[in-house]
Amino acid sequence: MMFPNRGKRGSFSSTGLKGLFPGLTYVEGASLLHHLHPLVKLVLLICFTLAVFTSPSWQGGLVLFCLLLLSYRMGGLGPGFFVRKLRFIFIFGLMILLVQILWTREGYLLWQLDLGRLHLAVWSGGLCDGLGVVLRFINVIGSSYLFVATTDPNRLAYALMKAGLPYRAGFMLITAMRFIPLFRLELALVKNAQMAKGIELEGLSPRLLIRVVKYLLVPLVVSALSKVDFLTMSMESRAFGLYPTRSYVSAQALSGKDKIALVSIPLGLLLFYCIFS
Amino acid sequence: MEKEIRKNKKYYLSNRDLLIVAVLSGIGGVISTYVGYLGNLLNRVFGVPFGAGQFVSGLHVFWIILAAGLIRKPGAATAAGLLKGVIELFTGSSHGIAIVLVSLMQGVIVDVILLLTRRHNLVSYMLAGGIAAASNVLTFQLLYFSGAPRTYILFISLIALVSGVLLAGSFGSSVLEIVLQARPYRIDAGTGQETDAVVETKGGKRILPHVRLAITALLLLAFSSGAVYYYAAVFEPPWTGPVCHVEGAVEKPDSFQLSDFKQYETTVTAELKGTVTTVPAQDYTGVPLRVILQNTHPLAGAKTLVVTATDGYKVEFELQKVLADEQILLIREDNTLRLIAANYPGGHWVKMVNKLTVE
Amino acid sequence: MAKPVVSIVDLSFTYRGSEIPALNKVDLQVNPGEFLTITGASGCGKSTLVLCVAGFIPYAFPGKMEGLVQVLGKDTKDYPAGGLSGIVGLVQQDPEAQLCTLRVSDEVAFGPENLCMPPEEINERVDFALEAVGAAKLRNRQIHTLSGGEKQRVAIASVLAMKPLLVVLDEPTASLDPRCTREVLEVLNRLRREQPLSIIVVEHRLEKLLPITDRLVTMEKGKITADRAPGDYRKTYIPPRMCLPEQMCFGDTGGSSAVPEPRQNRPILSVENLRVGYEDGDVLAAVNFDLYPGETVAVMGDNGSGKTTLVSALLGMVKPREGRVLYKGTDITGLKVTRRARDMGLTFQNPNHQLFESTVFKEASLPSFFLSDKPAGETERVVDTLLERFELLEYRQKNPFTLSLGEKKRLTLVSVLAYTPEILILDEPLVGQDRKRLHLLLQALREHAGQGGLTLMVCHEPALAASHCRRILFLDNGRLVVYAGVQEAWRELARLGREEYLPPGYLPAVKENGDRNDVS
């Protein structure tokens with residue numbers, strides 16, 4: 001597993017808050033989507049996102065949403081997974097819909113309710129706008145998460161570097177990802193240290209709260225930066241940055257499926273755009 | 001004899017600079033994901049779909065300010081913003097790929113502002129932090145809610161601005177000070193530039209508390225007066241009553257409620273003579289349509305007025321006639337607007353008026 | 001004889017901003033295939049010497065350098081920046097801070113890839129390097145799932161993959177537990193036997209390293225004071241970690257004067273059938289013990305055996321799945337951490353995780369502010385007394401992050417002692433202390449015991465446990481496998497085959513009158 005942050009150490013931090021964080025990270029799998037070349041997936045994600053943002057109507061959004069559900073199935077995750085992981089997005093979307101409906105009074109009046117001074121009305125314009133926004137929202141987040149769930153960031157970084165991204169930049173991403181489990185652990189440790197010193201987040205005045213946030217961040221930052229020197233030496237002693245380019249062990253050539261996907265899906269989305277605009 | 005020290009001049013950002021950006025983005029990404037959820041939680045607590053989370057938006061920019069302050073080369077903040085966005089995407093940001101754009105935007109803004117102010121001190125950090133934090137609202141609006149009311153966007157941006165100034169700028173600068181003192185890594189290596197930074201920070205220290213206090217007070221003042229103004233003068237709850245739009249060939253398109261024209265109210269007596277129904281003459285009290293239209297200054301060439309109802313029903317009038325007619329009123333009927341056109345047939349007495357279009 | 005790999009002539013180096021030279025006229029030669037150990041107290045210049053050999057001085061550290069450092073007959077200053085990579089490999093202390101990729105195979109391939117080698121050759125080298133450190137099985141593992149020892153072995157492999165002529169290891173076992181230390185030392189021994197390498201190890205814990213070293217160099221204040229074969233080390237060398245105050249030297253174990261007898265028979269802290277776990281299973285199971293006032297108890301075990309979880313459960317930072325924790329006979333399992341902290345003072349292994357404040361004084365009084373009912377004036381007086389006692393008063397207004405590791409450790413202890421909890425839970429409190437400070441700390445712990453307090457000390461140093469603790473709790477894989485008096489615990493550990501946890505010189509056969517002169 002890429003981030004077994006449910007593992008022994010990482011889970012330290014998430015206990016108690018577990019329900020809150022759906023953990024939108026990489027999910028190991030062997031589906032078609034998992035096997036696609038990471039760069040192809042990146043291109044597809046960008047195309048899809050562009051299609052979402054340029055799609056002017058809620059009908060277009062709905063079509064894209066159905067496409068997305070289909071892709072979740074192709075990713076071996078299924079719509080159920082989608083709903084479970086992104087439940088909070090739906091709640092969020094519902095609230096946006098409500099606001100849009102309350103705020104916009106255009107088109108036809110579909111329904112209204114009078115409660116004394118309070119006057120509630122649903123207008124067709126508000127409903128359409130609201131649906132459009134919500135679908136845009138869900139589509140963007142849903143597709144991003146599908147990408148994250150099926151793409152190993154390590155593979156993506158290596159693929160990007162091979163495609164021409166300067167390797168020093170690529171390794172920033174890899175190194176940052178490398179330290180994340182460690183930072184999670186340290187975050188938990190520092191929180192524990194706060195509690196051991198008698199500091200509790202409940203019932204703190206705002207003034208004290210800022211202080212406590214500082215107590216949390218300063219040790220983390222100092223600890224992280226104290227690694228920088230050693231890391232630099234370790235990497236430089238292994239010829240990091242010595243030459244402008246480097247070689248790579250693993251080859252990640254584009255497969256037939258990759259090529260088909262790379263050509264067909266953007267074309268499909270272009271077609272979609274022509275139809276719906 | 002001091003030998004000349006060979007420096008790694010091959011790259012603009014040294015390996016160490018890159019790794020500083022990497023580790024800071026790493027923690028920033030981890031914490032921001034949590035902060036993001038915290039923001040969503042705040043939204044739910046306050047019962048609004050978005051906005052309340054902006055109270056903590058400064059914490060997202062905090063890391064970018066920290067990277068800029070430690071490396072002190074233009075471009076570092078942009079790199080930190082971009083990397084942090086990507087990390088957030090992969091560690092489970094609830095914004096998806098949009099977060100990369102938002103975070104990159106924040107990095108660019110911090111870089112640009114620090115480049116413009118040409119110094120690294122509390123004031124420039126506060127400025128950079130505030131504007132960068134506020135930019136996230138605009139980026140999100142651009143992406144999703146192009147139709148949201150402008151006042152609402154302004155209001156939320158203001159919250160983000162304050163959060164950025166306090167949490168990214170002020171708080172960031174004080175953490176930076178502690179970190180520079182703690183020297184977790186060789187601050188004096190390389191160009192020696194960082195050493196000057198420490199001195200500068202110390203030199204500025206005497207005035208810091210005052211500046212901080214003054215800016216905080218100023219912001220709070222601006223913030224509260226903005227809020228008061230917003231609620232007293234601009235804010236218009238959607239449930240107060242029927243609203244009508246005037247658009248088309250007018251100088252000042254407008255949305256109005258009948259109560260805005262209370263002083264012009266008159267009463268006319270009219271009889272509805274329709275093809276199906278006839279209502280005998282009775283008194284109607286409302287605002288002459290002429291007044292409402294003149295208020296928006298129709299353009300010289302305009303000829304027609306289209307009155308539209310919420311159900312899509314449309315009737316055309318000759319504009320000049322309407323502007324001369326004291327007998328056409330807009331009245332309130334239950335919770336909708338109704339047109340009383342005394343000199344016209346019943347088909348022109350539009351119910352549930354929603355829109356006036358001048359053409 | 002072949003040309004030396006490293007030749008240092010009359011080398012002096014002073015860091016910028018410092019008056020005292022870190023290295024003062026050092027001469028040293030390292031021959032091909034040699035295994036060299038450099039030792040000395042902290043601050044003696046051994047790490048600086050290593051940085052010179054690896055080419056990071058003067059390239060990355062500004063300062064004044066005189067003399068000559070040659071690698072393969074060429075001045076290190078004439079190599080391009082980073083040009084020594086591939087010739088000299090560097091392995092550092094902290095295994096966390098020197099691995100930069102996500103997978104073991106990527107990490108080992110990192111160096112050769114940077115040298116733009118063809119993929120086939122890189123693959124060969126990865127196989128070779130992992131084989132050389134006995135880590136072929138780790139090849140496809142994620143880095144963050146490895147233990148400290150495994151990480152360190154991967155770090156060594158990643159250096160070996162560059163096929164260097166010389167590998168420099170700067171305290172490679174300092175942050176490892178005894179089992180991982182043994183693991184890494186075995187790898188070093190294997191490299192010495194099997195690879196045509198020169199190896200330099202900087203280390204202050206020598207007992208396990210001496211049998212495999214060819215040459216031992218001792219440094220003091222920037223100078224080399226001795227350079228000899230290790231055969232006669234016993235006469236001249238005192239291992240620094242063994243520098244216990246005389247009256248507590250190894251052998252005064254069990255019921256010696258150093259360990260006061262418990263005064264009462266009612267346990268102050270009890271754990272009943274404790275089971276703790278996270279999502280993927282139990283980390284701690286079926287743990288039972290009673291601890292009495294006036295006791296000092298060592299908690300030992302490998303990293304990952306559940307020591308930290310046990311401590312967390314005692315304070316309530318993790319909720320047990322089963323079982324109870326009792327304080328003076330009262331069940332406190334349901335109490336909040338902040339409430340329990342009034343009676344239990346905790347210091348962490350890495351003090352950086354619990355330093356929050358901007359000055360040493362504020363830091364030392366912070367827990368008292370939240371946990372003690374004493375008036376502020378009283379706290380200030382107590383804190384100042386403690387700071388003076390632990391030789392920290394001169395730093396009163398300094399930023400605590402600028403202190404050395406040993407000073408930070410003392411500071412965290414002061415902050416806990418200031419609010420006088422009855423139970424002290426200390427994670428490796430004695431690391432980084434010299435003989436005098438060690439004495440101070442042990443004295444304070446003894447006083448705490450004398451007042452009827454309990455000290456629970458996580459400790460990797462068997463000699464210390466032997467001299468200062470009454471009982472030992474040994475955890476293995478989440479189980480409490482040894483819970484006994486010190487002498488019995490050694491016998492038990494010897495029976496379990498955990499020699500790395502036995503005090504140096506402990507031989508089951510001669511345990512009553514062991515060859516103590518070997519170590520002291």
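Two strands count as paired if DSSP finds at least two bridges between them. Helices (H or I, at least four residues) and strands (E, at least two) are DSSP runs, numbered from the N terminus. The structure is a predicted model, in which local features need pLDDT of at least 70, side-chain atom pairs count only at pLDDT 80 or more, and totals for chains, interfaces and linings use all residues. Residues are numbered from 1 along each chain as its sequence is written, while chains are lettered from A and ligands numbered from 1 in the order in which they are written.

**A sheet in chain C**

Strand β4 of chain C (residues 63–71) runs antiparallel to β5(C), and 2 bridges join them. Within β5(C), K74(C) is the residue that stands opposite V71(C). Both strands belong to an open, antiparallel sheet of 4 strands in chain C, ordered β2-β1-β4-β5. The edges are β2 (23–30) and β5 (74–75) of chain C; each has a single partner strand, so one side of each is left without a neighbour in the sheet. Helix α1 of chain C (residues 46–53) packs on this sheet and touches β1 (6–15), β2 and β4 of chain C. Contact here requires C-beta atoms, placed from the backbone, within 7 Å. The direction of α1(C) makes about 120 degrees with that of β1(C), where axes are lines fitted to C-alpha atoms, for helices over the stretch in contact, and angles run from 0 to 180 degrees between N-to-C directions.

**Chain C as a whole**

Chain C has 15 helices and 20 strands. Its radius of gyration, taken over C-alpha atoms, is compared with a globule rule of 2.2 Å times the number of residues to the power 0.38. The value for chain C is 25 Å, close to the 24 Å that the rule gives for 520 residues, so the chain is as compact as a globular protein of that length. Buried residues (20 or more other C-beta atoms within 10 Å of their own, placed from the backbone) make up 52% of chain C.

Domain bounds come from an automatic or database domain assignment. Chain A is divided into domain 1 (23–151 + 251–277) and domain 2 (153–246), with C-alpha centres 32 Å apart.

Technical notes. Two residues are in contact if their C-beta atoms, placed from the backbone, lie within 7 Å. A residue is buried if 20 or more other C-beta atoms lie within 10 Å of its own, exposed if 12 or fewer, and partly exposed in between; C-beta atoms are placed from the backbone.
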